[in-house]
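Biologist: I am new to reading protein models, and I would like to learn how to do it step by step. Could we look at one together?

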Amino acid sequence: MPLVARGSRALAERSRKGGAGEASRSRSPSSSQCWQTAPRRSWSRSRDGRGRWETVCECWGLAIPVRCAFGAGNEDLRNLSLSGHVGFDSLPDQLVNKSTSQGFCFNILCVGETGIGKSTLMDTLFNTKFENDPATHNEPGVRLKARSYELQESNVRLKLTIVDTVGFGDQINKDDSYKPIVEYIDAQFEAYLQEELKIKRSLFNYHDTRIHACLYFIAPTGHSLKSLDLVTMKKLDSKVNIIPIIAKADTIAKNELHKFKSKIMSELVSNGVQIYQFPTDEETVAEINATMSVHLPFAVVGSTEEVKIGNKMAKARQYPWGVVQVENENHCDFVKLREMLIRVNMEDLREQTHTRHYELYRRCKLEEMGFKDTDPDSKPFSLQETYEAKRNEFLGELQKKEEEMRQMFVMRVKEKEAELKEAEKELHEKFDLLKRTHQEEKKKVEDKKKELEEEVNNFQKKKAAAQLLQSQAQQAGAQQTKKDKDKKNASFT
Amino acid sequence: MDPLRQPPSPCSPRPSSPRTQSCEMLGYVGIEAVLDQLKIKAMKMGFEFNIMVVGQSGLGKSTMVNTLFKSKMWKSTLPGLGVPTPKTLQLQSVTHVIEEKGVKLKLTVTDTPGFGDQINNDKCWDPILGYINEQYERYLQEEILITRQRHIPDTRVHCCVYFVPPTGHCLRPLDIEFLQRLCQTVNVVPVIARADSLTIEEREAFRRRIQHNLRTHCIEVYPQKCFDEDINDRILNSKIRERIPFAVVGADREHLVNGRCVLGRKTKWGIIEVENMAHCEFPLLRDLLIRTHLQDLKDITHNIHYENYRVFRLNKSHVLPRGPGWVNLAPGPAPSPASPQATPRTMKVCRWTQDNSDDEC
């Protein structure tokens, strides 16, 4: 029997069944329609483009039945049986190859007091020596230090960013300790949001710096959580996946550890802190996640030094009374932490950050900016339109401000001009005054000169007159002597 | 501790950015387990693929789709005597879920009966462009909502298979016009339909002429040369580009040949085996579309064509209609040759290279 006939008969059967169930399907799609079995499925109803109610399955976001705006066509979701090997089972491999060539980003935030062992634990987790100098206890406030590293394992490239809280818990007044942390996390979300809202954006090669996991280091007091811890965790739980761990667990004895753990968990629950829940919906990882969750918070010991144990070298801490092996499950929960954080749930942590925490931030931010999805008439707004309206408003404000500034500027210019004019007038007056005084003085000098010249003239005249008189007198005298002489001569004869 | 794994192949060197230091790991950490996690997540979520077949009636589009996916997607329509030819182009979509070895694929096939069938085929590409843009619009509207869905349904056309009639000469003006317009918005894979009417030499000559035509008119069909990432891709893709357009034959009946059951067409002079590389190039098309480049088709649609559309749309936001955008979207906005044509040509895909660290926060 040719395969085609078989297939078509099955098809005919299905369409018959489909025809009967058509009505029911359009109201409440049966589970065979949507073959995604995730419990996060939910149904909602929304209006489609023509204003008709249609059921929307949240896991696919698919409107059932699928509508094609150009009409025609039967669009029921049917499971079709294949009569041969088609070959799309290589799809997951294609996807993985793509992701491998792009590389992965993973960002860890370590929150804990100075000296609690954050850097050592990171070194131990990733089996390498990240360079960092130990912080002092004298920091005036909490600041965050982010460092990026490139790790490569077989063909997987990981861009790891480790963010450290420097100075956490060192201040005398720790009221604002959590604020820089929250600001940093928000800043990363904001950067991603900005990139997403850009018109020309490149999301696929965007270096994602959003924090995927927050390791909260609890001091091993053995009693309970400190109030600083509670407050900080409460502030962070809606923004990031928190994994609490007990640091320096080799200072607690085993029986105390058990009590300590249960005390911490009960305190977290009673205070409503939502820590990261390891996913238990996927069969392959559900079991391991469930067993590991029981051991939360993980009591870890970090060490980069190696000690000879038996005939192997292993990471451990050597004390006079014994050796604490890091990778020994009886000694501490380091192996569990590594399993959970890296080997089993890394992808889920990233997904949670993107789909839950980032979406929440985005929603809050956009609502704060004034956007809404629906207006009172329950007709959906478009984000772009509201954005345009806001932009016009903003531009209008900007223009108004510009006008004001221009006016002020003009006024100031006028004032200055007036001042300058006055100053100029004064200068002119001064100049005139000076000129007049100068002229007067000149006149005086000239008068004096005239007088002087007159005097000189008079003097000259007098001199001339005097000289004339003198010469006359001389002549007369000479004549007289001559006459005298002549007389004398005459008398002799 | 396990010994260190091998370093990456030298074919894809990626220089490390100045801000990130590369660290040597002294032992096995387990980072590569993230690949398995990815696979599990992908298998759980399932895959989507939307394909559009365009061509004149009678070229074997429906049969080809059935052959590609080895199932009865469509009933091949024979023009009945009483059925009048549709006056305008009507697009029909069919969605099926197919599963193979645990991998679920939601496949949507869009057919275009009536394309090129009228006497006056002017602007026959408008409804198709309109449909493609409408899918982009739908996705865009979902993406810019404030309360977004966890997984936005992807109805964008990932691949358009264009059937060239086997005239043996060269591309017709209709083909050229259509390909020119569509290559800007969607990945187009041209194929020579009904290739069993051409001999092998005629096929080769036809193919050369078509490639020449494509080059002359600057039509970039998939795989586009400008989106090749690294040397491996380029080598692989140039091999494919040499064989484009594939000469294919579609068949959904099985026949007995040498004791094997093969898909083929039975004629008086022999049986044309569909999956035989000596007879036709159907395996190449199938491998390209499904086995090797499916994810790449989706990626290029999402990262490039959709982004182009988004830029175009957001820049023209003063004509944005209220509400879900497809209410009164006339065939169009058929991108005017001016604006978005410039962008895809100059826009190059730079995948995640580490020297892009300067556009981070």
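Biologist: How do I read the surface of a chain here: what does the accessible surface of chain B come to, and what percentage of it belongs to carbon and sulfur atoms?

Modeller: Keep in mind that this is a predicted model. The accessible surface of chain B is about 16200 Å², and carbon and sulfur atoms account for 56% of that area.

Biologist: And how many of its residues count as buried, as a percentage?

Modeller: A residue is called buried when its relative accessible area is under 20%. By that test, 55% of the 361 residues of chain B are buried.

Biologist: Let me pick one strand. Is strand 6 of chain B mostly covered or mostly open?

Modeller: Mostly covered: strand 6 spans residues 188-192, and five of its five residues are buried. To read a strand, look at each side in turn. On one side sit B:Val188, B:Pro190 and B:Ile192, on the other B:Val189 and B:Val191, and all of these are buried.

Biologist: Which strands pair with strand 6 of chain B?

Modeller: Look for bridges between strands. Strand 5 of chain B (residues 159-164) runs parallel to strand 6 and is joined to it by five bridges. One pair to find is B:Cys160 with its bridge partner B:Val188. Between these two strands the chain passes through helix 4 (residues 173-182) of chain B, and this β-α-β crossover is right-handed. Strand 7 of chain B (residues 246-247) also pairs with strand 6 in the parallel sense, over two bridges. There, B:Ile192 has B:Ala247 as its bridge partner.

Biologist: Now chain A. In what order do the three strands of its open sheet lie?

Modeller: The order is 11-12-13, with antiparallel pairing. To find the edges, ask which strands pair on one side only: these are strand 11 (306-309) and strand 13 (322-325) of chain A. Neighbouring strands in this sheet are turned by 65° against each other on average, ignoring direction.

Biologist: How many bridges hold strand 11 and strand 12 of chain A together?

Modeller: Four bridges, in the antiparallel sense, with strand 12 covering residues 312-319.

Key:
Residues numbered from 1 in each chain as written. Chains lettered and ligands numbered in written order. Predicted model: local features only at pLDDT ≥ 70, side-chain atom pairs only at ≥ 80, totals over all residues. Heavy atoms only, no water. Buried < 20%, exposed > 50% of the residue type's maximum accessible area, 1.4 Å probe, protein only. Pairing = 2+ DSSP bridges. Right-handed = clockwise from strand over helix to strand, strands pointing away. Axes fitted to C-alpha atoms, helices over the stretch in contact; angles between N-to-C directions. Areas by Shrake-Rupley, 256 points an atom, 1.4 Å probe, with all protein chains shown as cover.
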